[in-house]
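Visitor: Hi, I'm new to this one. Can you put it on screen and walk me through it?
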There are 2 protein chains.
Amino acid sequence: MRKQEDRASVMSYIRYAWTTLKERCKNTSMTTDKPSFQPLYQQIRTLLAQRIAQGEWAAHEALPSEWALAESLGVSQGTVRKALTDLVDEGWLYRQQGKGTFVAPGLNEWGDGHLVTPGQFAEPPGSPVPELLSCTRANASEDIAQALSLRRAAPLFRVRLLWRLAGVAVALDDAYVPVGRFEEIDARRLRQYGNSLYTLLERRDGVRVRLGAIQARATLPDRETMTLLGLSDVEPLLMITRLGQALTGEVVEWRERLCRSARWAFQREP
Amino acid sequence: MRKQEDRASVMSYIRYAWTTLKERCKNTSMTTDKPSFQPLYQQIRTLLAQRIAQGEWAAHEALPSEWALAESLGVSQGTVRKALTDLVDEGWLYRQQGKGTFVAPGLNEWGDGHLVTPGQFAEPPGSPVPELLSCTRANASEDIAQALSLRRAAPLFRVRLLWRLAGVAVALDDAYVPVGRFEEIDARRLRQYGNSLYTLLERRDGVRVRLGAIQARATLPDRETMTLLGLSDVEPLLMITRLGQALTGEVVEWRERLCRSARWAFQREP
């Protein structure tokens, strides 16, 4: 058993090292200005992904025409078209038949879900506002290490957010991101991006996050959670655990959310 | 207030009557053999939807070629192609580039979710088995009436299922379907279709159900629920409330599911 665990932990470390190395290489070729040996359309793809990540176009804004992009980049229209097709497949852009190519919005911190009154399916969704409680370091539990392909106890950034709806605390988030995969994450930097981890990773690191697998269950709060959510009595909470993936498929975030659900339900559309 | 409620209830009744009438007309033209004045491709679409619903082809089975279908139905290949495109848009079929057209599987009673050990994202899903507890009649609560476009207290079929995983009770379902919208629903008929409401509605009534909006929250069980789930102590339960829609978009089912979640989490993929 002990041996198996050692082996698993070594394997997981090798996987981690390999992924990190691959990503370093990718990032280097992404930010360098030196000529590289990637096919031209991939270089154009990378350049355009950076420009989208940095917010050159707003979400749902139309991209310039293929012709105009080709002209400004000094490449053929076919090359631009191939790069755009990749960006559509990856989720940076979307196409509307006969209308053009548009910038896809980044992932909302609430994913495809929102808060409503239980049972009221037609009610307009509530939009909670995030308050940053802390940004610290933690070590990966076994579950988190496995999901993020890290070794056990690997260092993580831990972002803790409190969500308020009309001033009332409704949810508590703990988001975990591997240390070393991105630049430093701290409270000051998060505040610069409106307390949104996803906005920070996209704008600063050029990594867009999409929703991975999601789990829901019910739980009872511990003392700390009760204090943070301002609960005077124990009430059952909805616990949502989910993974955030880079567009390459790599899992880059583990998030656990505790929602008060006496007055609110977590709704998603089909 | 009283007056407004009366008005709302009259309006909801009119909506209900209108929907029922429309559906009756639709169903009549669907099951009759008399010539109708629908465009030819729509008649072919209806015929093929019936044949799929009745299980002529298994889920993921390839349909005969457009040419073979045209030949056997005595219509042009263009007509068949138009009918198939409609069936793909409605979710009866799916296409694979260069491979052909396949029968899409009907909705699983667990939708796109399944049970796993909390935190274990890579674990193979558990497949609970349904036991039919009862099939009775009930009256629509305000929430159900609104979601199903019925008047308040409208009559409903209420199907109650207990789900077991490896013999242990894990979830309790109450599914509500309007009386009059479909043929009679009772325990004997449900058993014929493996205790699956969706299989019954598809095979018998030609109506395929897809997942509509879904809500999740946490709750504590009442006495009856505790007895049915065999709980000796109170534990928080995950409550999933969801709508089932016909492929036309009409909401035909309200379902409430209570899941034990101390040992299982409800997971869905992105």
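Predicted model: local features only at pLDDT ≥ 70, side-chain atom pairs only at ≥ 80, totals over all residues.

Visitor: Noted. Is A:Gly249 buried, partly exposed or exposed?

Guide: A:Gly249 is partly exposed. Its relative accessible area is 29%.

Visitor: Let me zoom out. How many helices and strands does chain A have?

Guide: Chain A has eight helices and ten strands.

Visitor: What share of chain A counts as buried?

Guide: The figure is 49% of the 270 residues of chain A.

Visitor: And what about contacts between residues 24 or more positions apart?

Guide: Take the contacts in chain A with a separation of 6 or more. Residues 24 or more positions apart account for 59% of them.

Visitor: Helices next. At what angle do H2 and H4 of chain A pack?

Guide: At about 55°, with their axes 8 Å apart. Helix H2 covers residues 40-53 and helix H4 covers residues 77-90. That angle makes H2(A) oblique to H4(A).

Visitor: Is the crossing of H2(A) and H4(A) right-handed or left-handed?

Guide: That crossing is right-handed.

Visitor: Which residues meet there?

Guide: From H2(A), the residues are A:Leu40, A:Tyr41, A:Ile44, A:Arg45, A:Leu48 and A:Ala49. They meet A:Thr79, A:Lys82, A:Ala83, A:Leu84, A:Asp86, A:Leu87 and A:Glu90 in H4(A).

Visitor: What about H2 and H4 in chain B?

Guide: In chain B, H2 and H4 pack at about 55°, with their axes 8 Å apart. H2(B) is oblique to H4(B), and their crossing is right-handed.

Visitor: So how can chain B be laid on chain A?

Guide: By a turn of 180° and a shift of 0.0 Å along the axis. The RMSD is 0.0 Å. The two copies are thus related as by a two-fold rotation axis.

Visitor: What about the contact surface of the two copies?

Guide: The same surface serves both. Of the contact residues of chain B, 100% recur in chain A.

Visitor: Which residue of chain B comes closest to the rotation axis?

Guide: That is B:Ala218. Its C-alpha is 2.5 Å from the axis.

Visitor: Back to chain A. Where does A:Gly212 lie?

Guide: A:Gly212 is part of strand S7 (residues 209-219) of chain A. The residue is buried, at 1% relative accessible area.

Visitor: What is A:Gly212 in contact with, leaving aside its neighbours within four places in sequence?

Guide: A:Gly212 is in contact with A:Leu243, A:Gly244 and A:Gln245, and with B:Pro270.

Visitor: How far is A:Gly212 from A:Glu250?

Guide: They sit 38 residues apart in sequence. In space, the C-alpha to C-alpha distance is 9.7 Å.

Visitor: New topic: A:Asp174. Where is it found?

Guide: A:Asp174 is in strand S6 (residues 168-178) of chain A.

Visitor: Why does A:Asp174 count as buried?

Guide: Because its relative accessible area is 11%, and buried means under 20%.

Visitor: What does its side chain join up with?

Guide: The side chains of A:Asp174 and A:Arg160 are joined by a polar contact of 3.0 Å. Leaving aside neighbours within four places in sequence, A:Asp174 also has contacts with other residues, including A:Arg158, A:Trp254 and A:Glu256.

Visitor: What is the phi of A:Ala166?

Guide: Its phi is positive, about 50°, although A:Ala166 is not a glycine. The residue sits in the loop between strand S5 (155-165) and S6 of chain A. A:Ala166 counts as exposed, at 81% relative accessibility.

Visitor: And the phi of B:Ala166?

Guide: Near 50°, also a positive value. B:Ala166 is in the loop between strands S5 and S6 of chain B, and it is exposed.

Visitor: Last one. What follows H7(A)?

Guide: A:Gly206 does, with a positive phi near 70°. Within H7 of chain A, the buried residues include A:Leu197, A:Tyr198 and A:Asp205.

Conventions:
Residues numbered from 1 in each chain as written. Chains lettered and ligands numbered in written order. Heavy atoms only, no water. Least-squares fit on C-alpha atoms with pLDDT ≥ 70 in both. Contact = heavy atoms within 4.5 Å. Helix = DSSP H or I, 4+ residues; strand = E, 2+ residues; numbered from the N terminus. Buried < 20%, exposed > 50% of the residue type's maximum accessible area, 1.4 Å probe, protein only. Polar contact = N/O pair within 3.5 Å; in protein donor to acceptor, adjacent residues only side chain to side chain. Axes fitted to C-alpha atoms, helices over the stretch in contact; angles between N-to-C directions. Parallel < 35°, antiparallel > 145°, perpendicular 65-115°, else oblique. Left-handed = near helix turned anticlockwise from the far one by under 90°.
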